[in-house]
Amino acid sequence: MSIESKFSFPYRQALQEKIGQDFEQTLQELTDLVAIPSIAWESFDLSEVTRSAQKVKELALAAGFPEVEILSASYGPDQKEGMPAVVATKPAAEGYPTILLYAHHDVQPVGDCALWDTEPFVATRKGDRLYGRGAADDKAGIMAHLSAFRAVSEVLGEQFLAGVTLFIEGEEEAGSPSFTSFIQKYREKLASDVIVVADSANWRAGVPALTTGLRGVASGAVEVRVGDHAVHSGMFGGPMLDAHTVLVRLLSTLHDAKGSVAVEGLTYAPEPEVEYPEADFRQDSGILDSVTLAGEGSITSRLWAQPAISIIGMDIPSVAESSNTIAASSRAMLSMRLAPGQNPQEAHQKLEEHLLKHVPWGAEVRYTASDSGQPFSADPTEDSVELALAAMHTAWDVEPVQTGMGGSIPFIADLKEVFPEAHILITGIEDPDTRAHSANESLYLPDFERAILAEALMISHLSQ
């Protein structure tokens, strides 16, 4: 028996028609959300995040949620208040499950506006794609939830018996600092049987995917010191190497000659069953034709099942501000992606041991761990996983792919800890051409409409 035949979707035609009728309205609502520059970073106007939360509340009420609140939670030793989140609830009838729909309304900064072909906060349609910051990541996730809920409410009417809780976070792109405090504080409001996280990607345009594995993350700063103060390079250069040179030599030891991570003791997960053709990877990533791919094993293994280390920041003078000075210290921020099964704290320890062992010329080195996030692996035999795959197959009429993900969603581990009995489904509306976090972020509209239908099919099934 195929997975599809295990599930019936008697409302499929009516739901598809309703979603199609409302699609232009959905795109207008998404356009209104994109227009709000909701960047939850301290260096930006945080009032825009509040304005974004208020807009999401307005849209949730319009979609038919009977109760909608804007909530926040304090966190950290100084009890700093987190960014506003929106929680909307429609209670379940007795004996029926509750599904939690997660997305986030904050967005990444736009970076260099000169790299954008359109105005970042003006949703612009070109053919089958809608361009704008947050058009995909993750304001499309919000609208997928709201549009699916609206369609199910109208089509099922009094037969809409499943419970639905909408949870739209306001600080995911800033690292979700108050997330753990938030879900603990509002545990009763968020309690559910199934959690759908709409913040991932499809396999490619036209082919849906359910993300069943995530790499974890462990980030930290490494600092090297060669002296107690900076000195003139002409007077002391030669016998004394600058800290930047020492740091570069140290960082070069993180990978072997083939580009594989050289830190001993990190976990490698089993080889994935899905392959990612090299030609597709090159096109999707934009890597130069002359650049050899790093590492060994299949590309999906290197993306999903092996550790990766990137240098994501360095404290070093710019060329424009350079001077003839031997720097006494130098610092870099490292981001490790961890294979499923890897404990982040152990990964921090292994990285620190590697840095201490390989620092050249007796320089002082210090590693300071910062962010940590657990990897995630879903059980493919869970009924909820099979339901999601069947709904995707019905909506796309294409066999869905179960994928890993090279990125990390650290709060998934928090959800599992606070709601251990809930089944977590990671879906999304992005694709390899979306360019989330980059200039010219865009949403592929045909898959957006299908994603709404797939979610509506899941919700309607839970009411049967």
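Predicted model: local features only at pLDDT ≥ 70, side-chain atom pairs only at ≥ 80, totals over all residues.
Colleague: Where is the place of Asp397?
Modeller: Asp397 sits in the loop between α11 and β18 (401-405). Residues are numbered from 1 along each chain as its sequence is written, and side-chain values use heavy atoms, leaving out hydrogens and water.

Colleague: What is the phi of Asp397, a residue other than glycine?
Modeller: The general idea comes first: most residues other than glycine have a negative phi, and most peptide bonds are trans. Here, Asp397 has a positive phi, near 60°. His437, found in the loop between β19 and β20, also has a positive phi, near 75°. As for the peptide bonds, the one from Asp137 to Asp138 is cis, with omega near 5°. Asp138 belongs to the loop between β7 and α3.

Colleague: Is Asp397 buried or exposed?
Modeller: We read that from relative accessible area: buried means under 20%, exposed means over 50%, and partly exposed lies in between (1.4 Å probe, protein chains only). Asp397 counts as exposed because its relative accessibility is 63%. His437, at 45%, counts as partly exposed.

Colleague: How many residues has helix α11?
Modeller: Helix α11 (residues 383-396) has 14 residues. To judge its span, we take 1.5 Å times one less than the number of residues as the expected value. From first C-alpha to last, α11 reaches 20 Å, close to the 20 Å expected. The helix is mostly covered, with 13 of its 14 residues buried.

Colleague: How many salt bridges are there?
Modeller: Side chains of opposite charge can pair when their charged atoms come close. The rule asks for a side-chain nitrogen of Lys or Arg within 4 Å of a carboxyl oxygen of Asp or Glu, and by this rule the count is 18. One of them joins Glu154 and Lys18, with 2.8 Å between the closest N and O atoms. This pair links distant parts of the chain, 136 residues apart: Glu154 is in helix α3 (residues 139-156) and Lys18 in helix α1 (residues 12-34). Glu154 is exposed at 53%, whereas Lys18 is buried at 11%. Lys18, Asp22, Glu29, Arg150 and Glu154 are linked in a network of salt bridges.

Colleague: Which helix holds both Glu58 and Lys55?
Modeller: An α-helix has 3.6 residues a turn, so residues three or four places apart point the same way. Glu58 and Lys55 both lie in helix α2 (residues 47-63), 3 residues apart, about one turn. Their side chains form a salt bridge, at 3.0 Å from N to O. Glu58 is partly exposed at 45%, while Lys55 is buried at 16%.

Colleague: What is the order of the open sheet of 3 strands?
Modeller: Two strands pair if DSSP finds at least two bridges between them. In this open sheet the order is β6-β7-β20, with antiparallel pairing. The edge strands, each pairing on one side only, are β6 (124-126) and β20 (442-444). Strand β7 (residues 129-131) is joined to β20 by 3 bridges, and Leu130 stands opposite Leu443 in β20.

Colleague: Which strand is joined to β19 by 7 bridges?
Modeller: That is β9 (residues 194-201), and the two strands run parallel. Val196 stands opposite Leu425 in β19. Strand β19 (residues 423-430) is largely enclosed by the rest of the structure, because 7 of its 8 residues are buried.

Colleague: Which residues form a nonpolar patch on the surface?
Modeller: Patches are made of residues with over 30% relative accessible area and no salt bridge; like charges are joined within 9 Å, and nonpolar side chains (Val, Leu, Ile, Met, Phe, Trp, Tyr) within 5 Å. Accessible areas come from the Shrake-Rupley method with a 1.4 Å probe, and for residues only the protein chains shown count as cover. In this case the patch is Val248, Ile311, Met314 and Ile316, with about 330 Å² of accessible area together. Met314 belongs to strand β13 (residues 308-315) and is partly exposed at 35%.

Technical notes. Helix = DSSP H or I, 4+ residues; strand = E, 2+ residues; numbered from the N terminus.
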